[in-house]
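Morning, everyone. Please have a look at the structure before I start talking.

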Amino acid sequence: MGRRIVIDPVTRIEGHAKISIFLNDDHSVADARFHVAEFRGFERFCEGRPLWEMPGLTARICGICPVSHLMASAKAGDAILAVKIPPAAETLRRLMNLGQIVQSHALSFFHLSGPDLLLGFDADPAGRNVFGLARANREAALRGIRLRQFGQEIIERLGGRKIHPSWCVPGGVRAALTVEGRDRIKARLPEAEEAARYALGLMKGLLDRFADEASCFGNFPTLYCGLVAPDGSWEHYDGRLRLSDAQGNILVDSPGADVYREFIAEVIQPDSYLKSPYYRPLGIPGGMYRVGPIARLNLCDRMGTPLADAELTEYRQRGGRIVSSSFWYHYARLIEILASIERIGRLIDDPDLRSDRLRAEAGINATEGVGVSEAPRGTLFHHYQVDRDGLIRSVNLIIATGQNNLAMNATVLQIARRYITGPTIPEGVLNRLEAGIRAFDPCLSCSTHALGQMPMVVRLVGPDGDVLHEERRD
Amino acid sequence: MAVTTLRLNGAMISAREGQTILEAAREAGTRIPTLCHLDGVSPVGACRLCLVEVNGRLMPSCVTKAAEEMDVRTDTEQLREYRKMIVELLFAERNHVCSVCVADGHCELQNLAEELGVDHIRFDYLAPECGVDLSHDRYGQDDNRCILCTRCVRVCDEVEGAHTWDVAGRGARSRVITDLDRPWGESSTCTSCGKCVMACPTGALFHRGASVAENVHDRAMLRFLITAREEKRWTV
């Protein structure tokens, strides 16, 4: 064992992480690790809180995807109240979750990964950020910012605020959509759809340019996990929990999420605060699975809306029925944006959105409940146990990014092996290592508004701990 | 009725006999911050937010009777600093997390902090382990958010007449309890009237099932009940 390269922090992701590359004496890559360096402790300090506070409390886990936690938390609450929520509440929750998918995916593609994809991995790091993107391709940056803002506006119109609305509650939602809100969202739909199609056009043009990256950015067989609608179409809020193998054969197809522990186990690794879930029957590494856009697209039969279905057909023509390259997360994300916009268009005139029957009232009818929904980054589980009065006794959260943890580690190793061949590490290679992680759009639980250039220190450390080489990007 | 005259922030004002400085100041249109004070129940002078300078000395205006020759200052640099410090100490004493509190946006402690310019807490948080009681069918109690103003104790005793609430313990370990420290849901004296929840200035007492920022204390209803009682509107 010769050297260790550390990338700390990994930039343009949501949260704080670092990457370590371990080199042999001949400069070949021995191993690579992705460490999550932040600790939040939500599972512990939610204990003792009233069940009804949980959606608002767990929404604070993340400034990018608070809505995802609202959904999973409120659904766990529904299970504990043992109620069927009013149909209007489900429609409203679906609308907000679609807004969430649009805004988060737009952020990932345009703001965080756009600089790599549209300016190039080897572009000058000083301008390889959303501001550089705005200078080089004003239209792309503007459309991206407006698209994200469209998703955020849906969240704000429903929840009263863009970030951390405490709007989903056990039993339903707190408020309906106003006529003004409906008209506003409707008016913006054509522009949003155009932006999504524009982004898809860009992405398809990039697939050939980045063929090399696509071949090694987490391109390996894994299992896939996600929700699928009962009719086999793409799903984001409820439905069947499905797990398939690398060829698409279904291993698990469960009508409810409450049995997740029968097939998902978690392991804690000593060098990261991020838990690593895996498919229990196959252990590690065979039980490694991926969640999120490519998993959802691999698992579903169709998107369920015309434009997105046409895009899915083309996606599969290019990538095969089961796509295994994590670089394709970007492509899949854009198809999901389009599907979400089409679905918003279908929902927006539903009179249920303005209903005043929004909340099922009930006491504590079960002492345990699991809520599952699809966050932009993948399947999200909230599992609560409560006492007879509704005070939380235990919390288990399985976050999408955690479920991709094993795959992200494997991705870092694959990229390192492909690009690191000598003692000096070009900056573009370091960026590729980060970009491999960015493809998963990890949400490390989660600091918001972190975009653009952040400092990065890369050290080559010898076996005795001496720093042999250091590069700093301030 | 005897009338006294005193000086309030330099201006001469009059007060009726028996009026406190706080009442006289309010009638004269001068606001003094309060927290434990609740119109219609007896004052206790517990929170010290209403401190004023009377002839240079610090006095709680809610329990100090207005008197002839008083020179009262309600808004000096020193008073502002003390009030700010009191609010900070209240935050430091328990576990107040506004962003995920049921009373966020409807909280007198939060409003005061904002009004007094509290942007951080200069004292170490005590971070005590506090319990939450959800045993009552309709209401919940969270000691993490209690500031020991005893409004619940007084309103339950003096308006409802049940005296379900009381204070147990000493000093920083004091806490409000129902009956002789039985779970609220098992209280034999509680009438479930909800006046304590209406009176609570923070999220310490709340409607069971309230989510973040959803609990509104119905102060108008409480005022109506207190006024009706004082005027004996329902006496037959």
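I will go from domains to a pair of cysteines, then a helix and a loop residue.

First, the ground rules. This is a predicted model, where local features need pLDDT of at least 70, side-chain atom pairs count only at pLDDT 80 or more, and totals for chains, interfaces and linings use all residues. Residues are numbered from 1 along each chain as its sequence is written, while chains are lettered from A and ligands numbered from 1 in the order in which they are written.

Let's start with chain A. It is divided into domain 1, residues 3-40 plus 419-473, and domain 2, residues 42-403. Those bounds come from an automatic or database domain assignment. The C-alpha centres of these two domains of chain A lie 27 Å apart. Their contact takes 30 residues from domain 1 of chain A and 33 residues from domain 2 of chain A. By contact I mean that the C-beta atoms of two residues, placed from the backbone, lie within 7 Å.

Which elements give two or more residues to the domain 1 side in chain A? They are β3 (29-36) and α15 (427-438) of chain A. Helices here are DSSP runs of H or I with at least four residues, strands are runs of E with at least two, and both are numbered from the N terminus. On that side, α15(A) gives the most, with 7 residues. By class, the domain 1 side in chain A that touches domain 2 has 11 nonpolar, 9 polar and 10 charged residues. For the classes: Ala, Val, Leu, Ile, Met, Phe, Trp, Tyr, Cys and Pro count as nonpolar, Asp, Glu, Lys and Arg as charged, and the others, Gly among them, as polar.

Now chain B. Domain 1 of chain B covers 3-75, and domain 2 of chain B covers 82-230. Their C-alpha centres are separated by 25 Å. Here 14 residues of domain 1 of chain B meet 21 residues of domain 2 of chain B. The domain 1 side of that contact in chain B holds 10 nonpolar, 2 polar and 2 charged residues.

An unreviewed entry places "domain: 4Fe-4S His(Cys)3-ligated-type" at residues 78-117 of chain B. UniProt positions are given in the numbering used here, feature names are shortened, and annotations may be inferred rather than shown by experiment. In the model, that span of chain B is 60% helix and 0% strand, and its end C-alpha atoms lie 14 Å apart.

How do the chains meet? In total, 13 residues of chain A are in contact with 12 residues of chain B. On the chain A side, α2(A) gives the most, with 3 residues. That side has 6 nonpolar, 4 polar and 3 charged residues.

Next, the cysteines. The unreviewed UniProt entry gives "binding site" for C65(A) and C443(A). They are spread over 379 residues of sequence, yet they cluster in space, with a largest C-alpha distance of 8.3 Å. Where does C65(A) sit? Its place is the loop between α2 (54-59) and α3 (66-81) of chain A. C443(A) is in the loop between α15 and β15 (456-461) of chain A.

Why does C65(A) count as buried? Because it has 29 C-beta neighbours inside 10 Å. The cut-offs are 20 or more other C-beta atoms within 10 Å for buried, 12 or fewer for exposed, and in between for partly exposed, with C-beta atoms placed from the backbone. C443(A) is buried too, with 27 other C-beta atoms within 10 Å. Leaving out residues up to four places away in sequence, C65(A) touches Q100(A), S104(A), A375(A), P376(A) and C443(A).

On to helix α7 of chain A, residues 179-209. Its 31 residues reach 46 Å from first C-alpha to last, close to the 45 Å expected at 1.5 Å a residue. That expected span is 1.5 Å times one less than the number of residues. A kink of about 40° lies at L189(A) in α7(A), shortly before the proline P190(A). The bend is the angle between axes fitted to the seven residues ending there and the seven starting there. Buried residues of α7(A) include I185(A), A192(A) and M203(A).

Last, F220(A). This residue is partly exposed, with 16 other C-beta atoms within 10 Å.
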